Amino acid sequence: MSGDKPVEGESRRGFITKLTGWVLGIGFVAGSWPFIRSLFPNVLYEPPRRFKIGTPDAFQEGVHFLQDHRMFLFRDGSSFHAISGVCTHLGCTVKYSPFKQDQELTVRKLTYESAGEFHCACHGSRFRDEGTNFSGPAPRPLNWYQLELSPEDGQLVVNMSEEVDRDFRLVV
Amino acid sequence: MSLLPKQGALGRLFWSWRPQSDREAGEAVVANFLLHWFPSRVTLKSLSLKYSIYLGTISLVLFCILTVSGVFLMFLYVPSVERAYWWIKDLDYAVSFGWYLRRVHRIGAHLMVAAVFLHMFRVFLTGAYKRGSAAGSNRPFNWVLGVLLLVLTLFLSFTGYLLPWDQLAFWAITVGTNIAASVPWIGDEIRQFLLGGNEVGQNTLIRFYVLHVFFLPLVLTAIAIWHMWRIRKDGGLAIVEQLRIRNRERAPEAPAKTKTWSVLGIASGTSVTVLDPGTVHETDSVPSSPFLTTRLLAVTVATLVVVMLLALVVPAPLEEAANPEVTPNPAKAPWYFLGLQELVGYSALVGGVLIPGIVLLGLALIPYLDREQAGIGLWLTDKSGRRWAVIGTVWGLLWTVGSLAIGIKFPMREAFPSIESQLFFDMVSPATLLLLSFVVLYFVSLKVTSSSRTAAIATFCAFIVAFVLLTWTGTMLRGPNWQFFWPWEAWPRQPIPF
């Protein structure tokens with residue numbers, strides 16, 4: 001520290017201290033980054049999100065639970081739609097429970113004949129058979145998945161990464 | 001009278017010299033490798049069973065039991081989704097005493113969660129989180145370390161829950177991690193990070209395994225050591241404060257000692273602590289060895305015996321192998337999360353995120369909100385504390401039962417069928433009502449008594465009641481489809497899915 005300019009000397013020491021701190025700090029963060037990043041997987045060995053489920057005539061009228069994919073396929077004459085079986089509350093699998101008799105329901109200002117509803121075992125959420133949550137803690141309607149027909153072999157293709165709205169129908 | 005044992009060949013391994021009197025034995029604690037972390041003398045009051053119930057010791061002993069039994073289990077288990085379940089099956093049916101190891105580990109884990117909770121209740125109710133007057137004391141910080149230890153204990157138990165890879169494990173973790181997903185904005189990312197993917201799978205199993213057997217025990221051990229070191233630095237258990245107060249009122253005595261013990265041996269000269277008139281008087285205390293050590297030994301043996309006996313009668317259940325396609329009905333989280341699951345049944349956001357967040361933050365902040373120094377180490381502090389403990393308990397009882405009744409009798413969505421806003425149902429729910437009743441209780445008791453300690457006692461007692469009641473409801477009174485059943489009502493029979 002020079003005698004006549006003590007302030008300059010102090011600030012130099014201060015600067016070097018700060019610099020050391022910053023270099024160590026940034027170095028630590030940069031050094032940890034590879035370790036942290038490695039915990040976010042780039043490749044997942046999970047079942048595909050888009051898959052074939054068979055030709056349309058393999059499914060009869062009504063509701064089918066595709067257990068492997070945790071989803072429900074609905075057939076109404078020549079129109080098909082697919083609803084997720086994963087409860088929007090905490091991810092349990094919902095169960096379809098048919099009514100003893102069809103009921104006339106008005107959901108989203110549309111009146112239709114409903115054949116049953118979905119119940120969730122974990123916290124008792126209930127959904128209409130078109131997915132709308134009406135009881136229990138579920139915050140959202142069940143997801144609807146996009147359905148396509150495969151141009152190669154005419155099988156139904158479910159695309160779970162594409163959500164569609166509740167008016168979607170695939171007519172074959 | 002000498003309480004010292006004769007020194008045998010084994011004794012020479014641990015003692016560098018043989019104490020000739022009780023006094024010397026007490027001092028010798030410092031010179032002993034195994035005992036050096038105890039004070040050389042300990043007050044009679046802090047040895048009292050009525051004061052501490054030795055719950056901290058019991059928690060530590062349980063942790064040791066879990067570590068030892070866990071190491072054995074590690075030899076007999078592989079964290080792979082194809083194999084894990086079958087290793088557990090082998091433990092139960094093929095490995096000699098495998099069933100016993102599992103039961104010891106499981107019952108030990110449940111007891112540890114319970115012991116840690118009870119330990120926290122005890123520390124709160126005796127006001128042992130208060131700073132006191134010893135030099136260098138910082139009990140509030142030690143309380144925060146304790147809250148951290150509680151969280152680590154819960155997380156350890158939760159990660160262990162997945163490892164058997166049966167239906168119980170799989171769905172408890174699915175529900176538990178989905179609670180984390182209800183955090184606004186980053187919930188999905190948190191869940192994906194915990195699971196290592198979009199669903200509970202191999203990535204999740206190996207993550208939970210490594211956390212369970214290595215990372216969390218390591219962190220817990222480090223913080224537990226810190227926690228116990230702080231007890232010494234804070235001047236011992238909080239009840240000692242009462243002795244310090246009494247000593248300070250006494251006439252000053254002969255000049256202070258001229259030497260003091262440090263961890264490394266005898267330090268020459270005096271220290272601040274020695275000159276402090278609040279230093280514990282020798283007539284109030286006894287040598288740690290054997291008075292403290294024998295008690296600790298007795299508590300250790302008692303804990304061991306209880307765990308071993310319970311392991312003989314309480315089975316460790318194992319359901320069918322994990323099947324992502326079939327949700328058991330009802331699907332329940334581990335018991336200590338069932339109070340939370342009950343609240344999550346009303347609203348995932350309020351019950352799963354807001355309330356646990358506020359509770360944890362509130363717990364950690366208790367010693368900073370309540371800085372009153374009167375009655376440290378006394379159960380419920382004083383007469384007003386006892387009265388408000390009763391008021392808080394009754395208040396908690398009424399509001400918890402009330403909120404439960406509203407949740408069961410008047411589901412919000414059925415009461416307001418025309419409203420579609422999710423935020424409305426999150427905010428207007430029995431969970432919010434319960435939270436508000438606690439806030440009201442805190443401020444009313446604070447206003448009436450103008451004592452932060454009394455307000456804390458009232459709120460904490462209400463919290464204990466709510467915690468116990470909600471846990472009980474979630475555990476015992478919730479059946480298939482999470483419907484409410486009284487204990488004497490039979491659950492409807494469920495079709496078994498294939």
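These are my notebook entries on a predicted model with a chain A and a chain B.

**Entry 1: where the chains meet**

I started with the contact between the two chains. I found 30 residues of chain A in contact with 33 residues of chain B. Next I wanted the area. The size of an interface is often given as the accessible area lost when the parts come together. Here chain A and chain B bury about 2,500 Å² between them, and carbon and sulfur atoms make up 51% of that. Which residues of chain A lose the most area to chain B? I noted A:L90, A:A121 and A:H123, which together account for 23% of what the chain A side buries.

**Entry 2: what the chain A side is made of**

Then I looked for charge pairs and polar pairs. How many salt bridges does the rule find across the interface of chain A and chain B? The count is 0. Polar contacts do turn up: I have 8 residue pairs between chain A and chain B, with both residues at pLDDT 80 or more. Two elements of chain A give two or more residues to the side touching chain B, namely β6 (110-120) and β8 (133-135). Of these, β8(A) gives the most, with 3 residues. I also sorted that side by class and got 15 nonpolar, 10 polar and 5 charged residues.

In chain A, an open sheet of 4 strands runs in the order β5-β6-β7-β8, with antiparallel pairing. Which strands stand at the edges? They are β5 (94-107) and β8 of chain A; each has a single partner strand, so one side of each is left without a neighbour in the sheet. On average, neighbouring strands of this sheet are turned by 30° against each other, direction ignored. I followed one pairing in detail: β5(A) and β6(A) are joined antiparallel over 10 bridges. One of the bridge pairs I wrote down is A:T106 with A:T111, the latter in β6(A).

**Entry 3: two hairpins**

A:G62 sits opposite A:R75 of β3(A). The hairpin these two strands form has 4 residues between the strands, and there A:R70 takes a positive phi near 50°.

Further along, β9(A) is joined to β10 (residues 156-164) of chain A by 6 bridges, again antiparallel. I found A:W144 opposite A:V164 in β10(A). This hairpin has 6 residues between its strands, and A:G154 has a positive phi near 70°.

β9 (residues 144-149) also pairs with β4 (residues 79-84) of chain A, in the antiparallel sense over 2 bridges. There A:A82 stands opposite A:Y145 of β9(A).

**Entry 4: one salt bridge**

Over all chains the count comes to 11. I picked out the one between A:D153 and A:K52, whose closest N and O atoms are 3.3 Å apart. Where do its two residues lie? A:D153 is in the loop between β9 and β10 of chain A, while A:K52 is in strand β1 (residues 50-54) of chain A, so the pair ties together parts that are 101 residues apart in sequence.

How values were computed. Residues are numbered from 1 along each chain as its sequence is written. Chains are lettered from A and ligands numbered from 1 in the order in which they are written. This is a predicted model: local features need pLDDT of at least 70, side-chain atom pairs count only at pLDDT 80 or more; totals for chains, interfaces and linings use all residues. Side-chain values use heavy atoms; hydrogens and water are left out. Contact means heavy atoms within 4.5 Å. Buried area is the accessible area (1.4 Å probe) that two parts lose on being put together, summed over both. A salt bridge is a side-chain nitrogen of Lys or Arg within 4 Å of a carboxyl oxygen of Asp or Glu. A polar contact is a pair of N or O atoms within 3.5 Å; within protein, one must be able to donate a hydrogen and the other to accept it, and residues adjacent in sequence count only if both atoms are side-chain atoms. Ala, Val, Leu, Ile, Met, Phe, Trp, Tyr, Cys and Pro count as nonpolar, Asp, Glu, Lys and Arg as charged, and the others, Gly among them, as polar. Two strands pair if DSSP finds at least two bridges between them. Axes are lines fitted to C-alpha atoms, for helices over the stretch in contact, and angles run from 0 to 180 degrees between N-to-C directions.
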